[in-house]
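Colleague: I would like a close look at one part of this model, the site where the ligand is held.

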Amino acid sequence: MIPLEKWFSDIKKKIIVAGPCSVESPTQLLTTAQEISSIKNVQVFRAGIWKPRTRPHTFQGIGVKGLPWLYQVKKNYGLKIMTEVATSEQVIQCLKYKVDMLWIGAKTTTDPLAVQAIADALQGVDIPIWIKNPVIPDIYLWMGALERIQMAGLKKIGLIFRGFFPTTPTKYRNTPNWDMIRKFKKKNPLLPVLIDPSHMAGKASYISTIMEQYVREDINGWMIECHYQPKQALSDASQQVTPQTLQKLLSHFL
Ligand code: PEP
Ligand code: MN
């Protein structure tokens, strides 16, 4: 495995990823990116092109036509770009548009055939990839996904912890379970870990409480959902923060 500080010349041991849940329109994407680009310490812009949503009548993602807009973010604002992949075709499209890093979503991590298809498409490709924990707390699904990606020859792999779907209702959307990530880290000490407080919280106002819980742990950074008009977001509207709030959170916790 290659340690995080060797992935890019301008990223050391800490990495901050921010951006909207979904790519929605050129204005939404570029305005959000412009505002984020002025925040110190944010190096990477995230935005979902394809959204594996739970319910079919919700926004399913803009699809491939959003990739040139994402590429524009990289060109205009100097941020690295990152998106979620769930199929081999999506991997191929991302490589075409020079996406800097990929992530596998929590739903996809539960599906070994989907992870294998992604791994097959990445065979021989040198791109960093992050694997979110599966929605259910089965450590073997997470390990299996990691092994499939490693077996494809990838050496720049990270983990994103976004909590687990709660079996009994809690105030958080996804339950933080630090024990499992500790166990996982112990087995894989070279893998960087990002915390995604947005998907744990489900609500923008809970994000800072969650960050508080993790800030003193041995983590490599954060992935935080940020939209220039959170209330208008087409997905995960209640958990996205404005760039101004993001700046405040980061200045408090970094
Ligand atoms: C996301 O990052 O927008 C997303 C859908 O996350 P998860 O896979 O953690 O639910
Ligand atoms: Mn989201």
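How far is an oxygen atom of ligand 1 from an N or O atom in the side chain of histidine 199?

Modeller: The distance from an oxygen atom of ligand 1 to an N or O atom in the histidine 199 side chain is 3.2 Å. This is a predicted model, in which local features need pLDDT of at least 70 and side-chain atom pairs pLDDT 80 or more, while totals for chains, interfaces and linings use all residues. Residues are numbered from 1 along each chain as written, chains are lettered from A and ligands numbered from 1 in written order, and side-chain values use heavy atoms, without hydrogens or water.

Lysine 132 also reaches the ligand: an N or O atom of its side chain lies 2.9 Å from an oxygen atom of ligand 1. At alanine 106, a polar backbone atom is 2.8 Å from a ligand oxygen. On its own, ligand 1 has 290 Å² of accessible area (Shrake-Rupley method, 1.4 Å probe), of which the protein covers 94%.

Around ligand 1 stand Cys21, Arg46, Lys51, Glu84, Trp103, Gly105, Ala106, Lys132, Arg162, His199 and Glu225, each with a heavy atom within 4 Å of the ligand. This shell divides into six charged, three nonpolar and two polar residues.

Ligand 1 sits in the largest pocket, that is, more than half of its atoms lie within 2 Å of the pocket's grid points. A pocket is an open set of points on a 1 Å grid where a 1.4 Å probe fits, with protein on both sides within 12 Å along at least five of seven lines; lining residues have an atom within 4 Å of a point. The volume here is about 500 Å³. Among the 23 lining residues, Thr54, Lys107, Arg162, Arg173 and His199 are closest to the centre. The lining comprises 10 charged, seven polar and six nonpolar residues.

Key
Points joined across faces, edges and corners; volume = space filled by probe spheres on them. Nonpolar A, V, L, I, M, F, W, Y, C, P; charged D, E, K, R; others polar. Polar contact = N/O pair within 3.5 Å; in protein donor to acceptor, adjacent residues only side chain to side chain.
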